[in-house]
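Student: I would like to learn how to read salt bridges and the exposure of their partners in a model such as this one. Could you take me through it step by step?

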Amino acid sequence: MRIEYQMNEFLNSCVEKGLSKKTCKSYEQTLILFALYLKKTHKIEDAAKVKTEMIREYLQYIKERGKYTVVGKEHSRSHNFPEL
């Protein structure tokens with residue numbers, strides 16, 4: 001099953017649970033960045049192929065790089081102020 005489908009299912013459930021728009025947007029951005037990482041690094045677009053090690057590797061990657069140095073869209077980098 002494609003990762004995008006799983007993401008949409010999760011985000012829909014967040015809306016149904018009544019989570020705030022800000023929380024849902026934060027979850028969405030986090031999942032988009034993870035999906036981009038999986039596609040670029042592991043050539044994976046199928047959720048069933050994601051392994052625990054890949055998740056741990058991604059978390060380490062974000063920890064080392066800093067959470068605001070990774071963006072889904074380059075224009076958003078100026079809004080995050082990673083240098084501060």
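Tutor: Let us start with exposure, where a residue is called buried under 20% relative accessible area, exposed over 50%, and partly exposed in between. In this predicted model, Lys 39 has a relative accessible area of 44% and is therefore partly exposed.

Student: What does the salt bridge between Glu 45 and Arg 2 tie together?

Tutor: The N to O distance in that pair is 2.8 Å. Glu 45 sits in the loop between helix H2 (21-42) and helix H3 (52-65), whereas Arg 2 belongs to the segment before helix H1 (3-16), so the contact links parts that are 43 residues apart in sequence. Glu 45 is partly exposed at 30%, and Arg 2 is likewise partly exposed at 46%.

Student: How far apart in helix H2 are Glu 28 and Lys 25?

Tutor: They are three residues apart, which means a separation of about one helical turn, and their salt bridge has its closest N and O atoms at 3.2 Å. Glu 28 is partly exposed at 27% relative accessibility, while Lys 25, at 52%, is exposed.

Student: How many salt bridges are counted by this rule?

Tutor: The count is four.

Technical notes. Residues numbered from 1 in each chain as written. Predicted model: local features only at pLDDT ≥ 70, side-chain atom pairs only at ≥ 80, totals over all residues. Heavy atoms only, no water. Salt bridge = Lys/Arg side-chain N within 4 Å of Asp/Glu carboxyl O. Helix = DSSP H or I, 4+ residues; strand = E, 2+ residues; numbered from the N terminus. Buried < 20%, exposed > 50% of the residue type's maximum accessible area, 1.4 Å probe, protein only.
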